[in-house]
Amino acid sequence: MVRYLGVPVLLCGLHGGVWAALPVGSVVMYSDGRVEKLLSLEDGTQLWEDDRKRRYLRSENPITPVMERRSFLSGKGYTQTLRSGEPDSIMVRPIGDRVEFSVVRERERGTPSVRTWECTRDATQRKKVLGEMRELDTYRCERFVYHRKTWQRQFRESREFSYSRDLGLIVKMKRKTRKKETKWRLLSVVAPEKVTYKRLSR
């Protein structure tokens, strides 16, 4: 357990590591308009900041939800820490095995909430990403709650995504909730020495 921005955070590491180390200062752009810059690499985590000055602490395990999201300007946000289960085990289990785990989301003001996920890793695929053929790990995750009386699962959201180990990035995402469905994909990665305001504003 370490402290990030004064808040305890559980760090989740994978055997052998998953991330290729994108240089600190790299900028990534997505089809939904998001632009994020890599601020730091530490203890198996990456710290990113988007163009709205929101910071995201992410685990090297792509199925682990954002560990912390916080506005750099207002300080508002939340942390998520592992409560039960072993999400890292998905990397050593057979393809198609299901992994269930729960995280606790906490805000400075408000009641903590438990968020339960079930994820499956599918077969690796080779697809062209950013002009190159890359091996992609594909995942399906569903978040749900258990009914207090019947103990039946109640759907909250699903995510289907492709993850590139050599980039250390999710390159394609399809997210569905009870109200809407969204999709996005990785458009580009800009090296630190090539990052300029003019280039990013195109």
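## A charged patch on the surface

Strand β14 contains Lys 172. The structure described here is a predicted model. With a relative accessibility of 51%, Lys 172 counts as exposed, because the class of exposed residues begins over 50% relative accessible area. Lys 172 belongs to a patch of positive charge on the surface, where it gathers with Lys 127, Lys 174, Lys 176, Lys 183 and Arg 185. Two strands, β14 (169–177) and β15 (181–190), each supply at least two residues of this positive patch. The largest share, three residues, comes from β14.

## Overall make-up

The secondary structure of the protein comes to one helix and 15 strands. The protein has 202 residues, and 42% of them count as buried. It exposes about 12000 Å², of which carbon and sulfur atoms supply 47%.

Leu 38 is found in strand β4, which covers residues 35–42. Is Leu 38 buried or exposed? Leu 38 has a relative accessible area of 1% and is buried, because the buried class takes in values under 20%. Leaving aside neighbours within four places in sequence, Leu 38 is in contact with Leu 22, Pro 23, Val 24, Gly 25 and Ser 26, and also with Gln 46, Leu 47 and Trp 48. The C-alpha atom of Leu 38 lies 8.3 Å from that of Val 28, a residue ten positions away in sequence.

Thr 64 is placed in the loop between β6 (54–59) and β7 (68–71). Although it sits in a loop, Thr 64 is buried, with a relative accessible area of 13%. Which residues does Thr 64 touch, not counting residues up to four places away in sequence? They are Ser 59 and Pro 87. Thr 64 and Leu 82 are 18 residues apart along the chain, and their C-alpha atoms are separated by 8.9 Å.

## Salt bridges

The structure holds 19 salt bridges.

| Arg 55 | Glu 49 | 2.8 Å |

In the pair of Arg 55 and Glu 49, Glu 49 counts as buried at 11% relative accessibility.

Arg 165 lies in the loop between β13 (153–164) and β14, while Asp 137 lies in strand β12 (residues 132–146), so the pair ties together parts that are 28 residues apart in sequence. Arg 165 is partly exposed, with a relative accessible area of 35%. Asp 137 is buried, with a relative accessible area of 4%.

Which residues are linked in a network of salt bridges? The network is made up of Arg 115, Arg 143, Glu 157, Arg 159 and Arg 175.

## Positive phi angles

Asp 43 has a positive phi of about 50 degrees although it is not a glycine. Where is the place of Asp 43? Asp 43 is in the loop between β4 and β5 (45–50).

Leu 130 also has a positive phi, near 55 degrees, and is a residue other than glycine. Leu 130 is found in the loop between β11 (125–129) and β12. At 34% relative accessibility, Leu 130 counts as partly exposed.

Key
Residues are numbered from 1 along each chain as its sequence is written. This is a predicted model: local features need pLDDT of at least 70, side-chain atom pairs count only at pLDDT 80 or more; totals for chains, interfaces and linings use all residues. Side-chain values use heavy atoms; hydrogens and water are left out. Patches are made of residues with over 30% relative accessible area and no salt bridge: like charges are joined within 9 Å, nonpolar side chains (Val, Leu, Ile, Met, Phe, Trp, Tyr) within 5 Å. Accessible areas come from the Shrake-Rupley method with a 1.4 Å probe; for residues, only the protein chains shown count as cover. A salt bridge is a side-chain nitrogen of Lys or Arg within 4 Å of a carboxyl oxygen of Asp or Glu. Lys and Arg count as positive and Asp and Glu as negative; His and the chain ends are not counted. The place of a charge is taken as NZ of Lys, CZ of Arg, CG of Asp or CD of Glu. Helices (H or I, at least four residues) and strands (E, at least two) are DSSP runs, numbered from the N terminus. Buried means under 20% relative accessible area, exposed over 50%, partly exposed in between (1.4 Å probe, protein chains only). Contact means heavy atoms within 4.5 Å.
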